[in-house]
Amino acid sequence: MFYRVKEVKPLPSYNVLVSFVTGECKRYNVAQLFEKWDVFKTLSSVNGLFEQVKVDTGGYGISWNDDIDLSCNELWENGMSIDAAPTDDLQEMQAAYDRKHTGRKEDSGVHQVAPNSELKEITILQ
């Protein structure tokens, strides 16, 4: 059985957050592969390459380029279930990644009430 990937996001410390078509999410630590396969070391030595991760056609894995990829089953079988990971840690990892790569800090705690009483969120970027 294939556990097809729907979406992938790079996180700090060479982790990826993988969403599967089943609705489940897992965190996979790519750094564990640096010593196992030399090609994965490129992700840490080429600036910006790790952040270019994308879902392969059909969702059968993720890849960074023609030489570096991971199968959907590897991600499923060896990824850490989000249920097993503290949510705050994952949110902090994503926030740290966003701060590092956008140079901006988000504060989504500010809201404005529209004239027609719809609540709309305003994101303030500093």
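This is a predicted model: local features need pLDDT of at least 70, side-chain atom pairs count only at pLDDT 80 or more; totals for chains, interfaces and linings use all residues.
Reader: Thanks! Are the rings of Phe-2 and Tyr-60 stacked or edge-to-face?
Author: Their ring centres are 5.3 Å apart. Planes over 60 degrees apart count as edge-to-face. The planes of Phe-2 and Tyr-60 stand at 85°, so the pair is edge-to-face.

Reader: How many residues apart are Phe-2 and Tyr-60?
Author: Phe-2 belongs to the segment before strand 1 (5-11). Tyr-60 sits in the loop between strand 4 (54-55) and strand 5 (61-63).

Reader: Which residue lies over the face of Tyr-60?
Author: A charge sits over a ring if, among other conditions, CZ of Arg is within 6 Å of the ring centre. Here the distance from the ring centre of Tyr-60 is 5.9 Å, and the residue is Arg-4.

Reader: And is Phe-50 buried or exposed?
Author: Phe-50 pairs with Trp-64 in a stacked arrangement, 5.9 Å centre to centre and with 25° between the planes. Trp-64 has a relative accessible area of 3% and is buried. Phe-50 has 2% relative accessibility, so it counts as buried.

Reader: Which residues form one aromatic cluster with Phe-50 and Trp-64?
Author: The structure holds eight aromatic pairs. Along with Phe-50 and Trp-64, the cluster contains Tyr-14, Phe-34, Trp-37 and Phe-40.

Methods
Residues are numbered from 1 along each chain as its sequence is written. Side-chain values use heavy atoms; hydrogens and water are left out. Rings of Phe, Tyr and Trp (its six-membered ring) pair if their centres lie within 6.5 Å; planes under 30 degrees apart count as stacked, over 60 as edge-to-face and the rest as tilted. Helices (H or I, at least four residues) and strands (E, at least two) are DSSP runs, numbered from the N terminus. Buried means under 20% relative accessible area, exposed over 50%, partly exposed in between (1.4 Å probe, protein chains only). A charge sits over a ring if NZ of Lys or CZ of Arg is within 6 Å of the ring centre and within 35 degrees of the ring normal.
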